[in-house]
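Q: Hi! Could you walk me through this structure while I look at it?

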Amino acid sequence: MNISKIANTLEGSEIIKISGEINALKAQGQKIANLTIGDFDSNIFPIPGKLTDNIMEAYGSNQTNYPPAEGVVSLRDSVSAFIKSHFNLDYSAKEIQVSGGSRPLIYGLYMALVDPGDRVVYPTPSWNNNHYCRFTGATDVPVQTSAANNFMPKASEIKPYLKGATLLALCSPLNPTGTMFSKEDLEEICDLVIEENKSRSASEKPLYIMYDQIYSQLTFGGQVHYNPVSLRPELKDRVVYIDGISKCLAATGVRVGWAFGPEHVISKMKTIIGHVGAWSPKAEQVATGKFLTQTADWNEFLTSFKGKVQKSLDTLYQGFQKLKADGFAVDAIQPMGAIYLTIQIDYLGKKTPAGEVLKTGADLVFYLINEAGMGIVPFSAFGTDPGMNWFRASVGGCSLQDIEEMLPKVGEALAKLKVES
Ligand SMILES: Cc1ncc(COP(=O)(O)O)c(C=O)c1O
């Protein structure tokens with residue numbers, strides 16, 4: 001009543017509620033594989049040692065005053081070179097905006113482009129677009145994707161909603177699924193955006209793409225990460241990329257993110273982020289700028305880090321495939337990128353030994369936390385229907401051993417569920 005309309009519409013995170021239950025049980029001495037949070041246990045997945053050295057060195061040389069609102073030039077120059085070498089894209093330092101992790105950049109981008117009532121189209125499941133829509137008073141247009149396409153959106157699903165929209169928010173590799181765009185699917189979506197923009201008059205706002213590629217360095221096997229401007233260079237004025245070190249360097253607490261895109265949008269994001277004061281700490285910026293040029297250290301870290309993440313994901317995936325082969329109503333999608341596995345557990349409507357009927361994905365999650373010591377997140381936390389039987393498992397917060405020890409308990413817990421009578 002005494003607070004703003006926006007504050008009233010903002011919801012807390014379902015993931016935090018589940019993590020709260022896990023922490024309470026852990027405090028009572030229960031062993032739980034916490035596959036809920038999209039973060040890393042920093043004792044299992046520490047940041048690169050050289051990055052730590054660079055951060056200490058930057059503090060040692062008193063890099064402790066306000067950084068420039070757009071980010072220190074040495075970091076933006078390094079990011080520009082990184083974008084060129086990894087994606088063969090040309091973005092100069094003035095088309096790059098740095099902030100304290102990538103979240104403020106997403107906020108700044110929404111604030112720079114979206115007016116109250118504007119339509120923002122995004123696929124579900126996806127991460128946090130609903131919250132950024134609340135901040136800006138946007139009309140959300142969530143588009144349900146399908147397991148048949150690994151929960152990645154298809155042009156045919158998005159097409160009916162693009163007319164008059166201001167922003168299309170895309171992400172690959174995708175949180176929560178760990179799946180990625182195929183070249184063809186992304187090309188077709190890019191073509192829709194080009195077509196839609198051609199149909200607008202000069203007085204109308206154009207349609208932009210937010211392309212969140214925070215997990216682009218974390219891809220497995222032969223998977224290739226595609227991005228809109230490489231596929232369709234004519235989109236360069238209409239795409240803003242979100243990126244940073246939080247996930248690829250396991251550096252979620254270091255807080256260095258960057259966006260790149262057309263200068264007319266990036267310069268407005270700089271003003272918004274500057275007023276919020278959501279800069280990345282200066283020493284961390286200087287240190288990251290240096291680490292991006294230490295290519296051998298970067299590659300060495302990424303190879304070993306990715307190997308560990310992939311091993312955990314593969315173990316979990318194989319574990320669910322074995323349960324499936326043993327006759328359990330479960331499935332999983334082969335991990336492609338990021339730190340997530342998509343799992344199906346088709347037990348909604350079943351009764352627990354205590355006589356409770358599992359009506360929603362969240363009910364099943366709480367049952368599995370208690371009975372199998374496995375904490376996962378229902379897709380409903382990412383905008384899908386609460387009755388959906390798909391879940392996200394994130395492997396950054398626990399060890400391989402935790403996962404191996406937990407898997408047999410999942411089968412035992414599922415075996416106790418009965419058909420409701
Ligand atoms: C898709 C995606 N984008 C952005 C972020 C935010 O990252 P940061 O920690 O850099 O703010 C996350 C964090 O989970 C994410 O999953």
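Q: How do the residues lining the second largest pocket divide by class?
A: The lining of the second largest pocket has 6 nonpolar, 2 polar and 3 charged residues. Here Ala, Val, Leu, Ile, Met, Phe, Trp, Tyr, Cys and Pro count as nonpolar, Asp, Glu, Lys and Arg as charged, and the others, Gly among them, as polar. Keep in mind that this is a predicted model, where local features need pLDDT of at least 70, side-chain atom pairs count only at pLDDT 80 or more, and totals for chains, interfaces and linings use all residues. Residues are numbered from 1 along each chain as its sequence is written, and side-chain values use heavy atoms, with hydrogens and water left out.

Q: Which residues line the second largest pocket?
A: Its lining includes T352, A354, E356, V357 and L358. Also in the lining of the second largest pocket are A362, D363, F366, Y367, N370 and E371. A pocket is an open set of points on a 1 Å grid over the protein atoms alone, where a 1.4 Å probe fits, with protein on both sides within 12 Å along at least five of seven lines; lining residues have an atom within 4 Å of a point.

Q: And what volume does the second largest pocket have?
A: About 170 Å³. A volume is the space filled by probe spheres set on the points, and grid points are joined across faces, edges and corners.

Q: OK, how much space lies in the largest pocket?
A: About 1,000 Å³. The largest pocket is lined by 46 residues, and S13, I15, R103, W127 and N128 lie nearest its centre.

Q: Which element gives the most to the lining of the largest pocket?
A: Helix 6, with 5 residues. Helices (H or I, at least four residues) and strands (E, at least two) are DSSP runs, numbered from the N terminus.

Q: Which domains does the lining of the largest pocket draw on?
A: At least three residues come from each of domain 1 and domain 2. Domain 1 covers 5–45 + 299–416 and domain 2 covers 49–294, with bounds from an automatic or database domain assignment.

Q: What distance separates the centres of domain 1 and domain 2?
A: 27 Å, taken over C-alpha atoms. Their contact (heavy atoms within 4.5 Å) takes 31 residues from domain 1 and 33 residues from domain 2.

Q: New topic: what is the strand order in the open sheet?
A: The 7 strands run 2-8-7-6-5-3-4, with mixed pairing. Two strands pair if DSSP finds at least two bridges between them.

Q: Why is one side of strand 2 and of strand 4 left without a neighbour in the sheet?
A: Strand 2 (96–99) and strand 4 (139–144) stand at the edges and each has a single partner strand, so one side of each has no neighbour in the sheet.

Q: In which sense do strand 3 and strand 4 pair?
A: Parallel, over 6 bridges. V120 stands opposite D140 in strand 4.

Q: Which strands does helix 6 touch?
A: Helix 6 packs on the sheet and touches strand 3, strand 4, strand 5 and strand 6. Its direction makes about 165° with that of strand 3. Axes are lines fitted to C-alpha atoms, for helices over the stretch in contact, and angles run from 0 to 180 degrees between N-to-C directions.

Q: Last one: is the peptide bond from S172 to P173 cis or trans?
A: That bond is cis, with omega near -15°. P173 lies in the loop between strand 5 and helix 8 (183–198). The bond from N175 to P176 is cis too, with omega near 25°. Most peptide bonds are trans.
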